[in-house]
Amino acid sequence: MAEQIVFFIFTILVLGGGIGIISTKNLYYSALFLSMTLSGMAGYFVLLNAGFLAAVQVVVYVGAIAILILFAIMLSRRMMTSSEPQTNRQTWLAAIVSPLLFIAILVLVLQVNWPVSSAAPTGDALILLGMSFLGSYVIPFEVISVLLLVALVGAIILARDTHTDTGREQ
Amino acid sequence: MTAIPLSWWVSVATALFVIGLYATLTRKNAIAVLIGLELMLNSANINFVAFNRYTTPNQVGGQIFAVFVIAIAAAEAAVALAIIIATYRRSATVDVEDIDSMKF
Amino acid sequence: MEQLINWLANILENTSWWGLPADVSAAVIVWSVYGFILALVVAPMAMIVLTWLERKIIARIQDRIGPNRAGPFGLLQAVADAIKMLTKEDTTPAGADRVPFNIGPGLAAVAAILIYAVIPVAPGIVGTDLNIGIFYIVAVGSFGVLGILMAGWSSNNKYALLGAFRAVSQLVSYEIPMVLSLITIAVVAGSMSTVTIVDKQSWVNGGWYLIAMPVTFLLFFLSSVAEVGRSPFDLLEADSEIVAGFHVEYSGLKFGLFMIAEYVHALAVAALTATLFLGGWHGPFVTQLTASSPVAGAILGHIYFLLKVGVIVFILMWFRGTLPRFRIDQLLDFGWKFMTPVALLNLLVTAFVVKLFQPGVSTGMGYAISAGPLASFGGVGQTIALLIANLLVAFLVSLAVRAFARRSKAQALRAVAAVEN
């Protein structure tokens, strides 16, 4: 019972943030709602017995991605004050298609009888995670680290100001 | 033992995915599109971790995939925002409909 | 009392997701609740003591007397300040974004207070012993950054916005060496749990990490001082440059919340440094006393812990009283071009040494680690080897810095010569 209440609280955070993102016109609010959704997701991970993932979620998503998005919004803030509508011509089409897709996926997914195991998790998931990262998943792990390095270098090169001589804007 | 059925998680993940899809499809601003993409990636993460917890509670494959998704999302956000900032500097717009030239 | 404890135990037992061990005994519950109370009440109240202490110490450093009107030795000065803050008018600027403007300070304060949940103050007394303890500390810090960004943007003030920009670039930059030094500790301790880290620092297991890893200590301490935004890294609220940074538009209680966030975070950093490097509650006779009487051991643990925290707090104030402020470009250069590479090198060297001294582990969980070649030397041997490795890193770094300084000096001289000719 307690778990269900906690689940509902986090659902309010996650879906409330999501609805906030699509309903607000202000991009800055969108980014704040995004960080609300992401924090709720961290709560979900705690409920799902994935404490490490919850911390990763907060560090990477809230602490890096949401902050980065807010930063980008602030850097390009003339865009924010524009009074023109923030949505494009596909709005009505999307407003019809998205709920239909939601219903379609839900109907399909709820029909399936998933092979749910009732076993309680034993042992420390953190140890298992560490052993898997350096065991069966070691190659994806290394590839991801290379990917992150490439993305880091690429982002710096892309964002560097080549037009102005000193890069005053930075 | 757990009081929350798997279908709840799946429903929430679907709802979040559709919200993200709607944001991606309808927004003009490139940063808002990126926010929609992040929502969709997160809904995938809910499914990964929920199915991991409910079908194989003593393995962590789903969690590992979620970590990979988060890492890729971070890389993607960094590169995408760098592109958005560079575009904004050159053409003073972040409207995805106005960014239609292939070279500057 | 017995009934109360049972009632509490019942509530907590039925909620496995609280992160408590499965076999909850009444004693564990009581200590945990005590730890929570300590985290939530005592830590914020410590701010009142800290402000008084800071003003007094800085006054002494600057050859002044400091506050001495309110109460004996000015002890009630902080209380008077708090009353003043509470009774001031709570203003909101005209163009402010109201909701984020009001959430910002709360988020900053909460992020600072949450750190205390994982700090063990005495044997067995800790809010909650998370297995991801030090990673959790990094995670809750993110919310503080978010609060600062919200405050800076919503104030509709250019100084606030500049302050927020500075704050975020500083905090994000210094998070990297801090996390790298935390990883170094996790590698040596073999765990991220703060309780285990303290346990590993008993003299049997090799002693304080300050002795084993002085370079890591410096990296962690400096980057966490930058993380709190205290002098000499107080760029985010440099009053001579950007008035007061992100909280320039705040007044009354909300300003007070930012002050609480700053002091509580500073105290948390001190407590964290004491936990991770100074052996936490370890000290003479604590273990023996705890074995015979847990309460007496806990009291002694508290005393040792508070002493260590006090030393660190004094060093923080000493910094503030004596060091000039960095410039923003120097600050970022220092973080990215000095601290981060040194932290990476240090992590590599430490991991190598730890692997040599790795004791063999095999548990029933389907994995085993074979023992390293020098495992027979034990914890003390590892401490000595780590110390030597750290000194080596420090020596290499000083060589590199010297070479760099000479080169840039020669460059500067050449430039001067070119101008003169």
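Let's start with two helices in chain C: α14(C), residues 328-357, and α15(C), residues 378-420, have axes that come within 10 Å and cross at roughly 155 degrees. This is a predicted model, where local features need pLDDT of at least 70, side-chain atom pairs count only at pLDDT 80 or more, and totals for chains, interfaces and linings use all residues. Residues are numbered from 1 along each chain as its sequence is written, while chains are lettered from A and ligands numbered from 1 in the order in which they are written.

A few terms, then. Helices (H or I, at least four residues) are DSSP runs, numbered from the N terminus. Axes are lines fitted to C-alpha atoms over the stretch in contact, with angles from 0 to 180 degrees between N-to-C directions.

How are α14(C) and α15(C) oriented to each other? They are roughly antiparallel, a label for angles over 145 degrees.

Residues are in contact if their C-beta atoms, placed from the backbone, lie within 7 Å. In α14(C), the residues that meet α15(C) include Val342(C), Leu345(C) and Phe357(C). By class, this contact has 10 nonpolar, 4 polar and no charged residues. Here Ala, Val, Leu, Ile, Met, Phe, Trp, Tyr, Cys and Pro count as nonpolar, Asp, Glu, Lys and Arg as charged, and the others, Gly among them, as polar.

Now, between chains. Chain C puts 22 residues in contact with 23 of chain A. On the chain C side, α5(C) gives the most, with 11 residues.

Finally, chains A and B: the contact takes 75 residues from chain A and 63 from chain B. On the chain A side, α3(A) gives the most, with 12 residues.

Key: Angles under 35 degrees count as roughly parallel, over 145 as roughly antiparallel, 65 to 115 as roughly perpendicular and the rest as oblique. Two residues are in contact if their C-beta atoms, placed from the backbone, lie within 7 Å.
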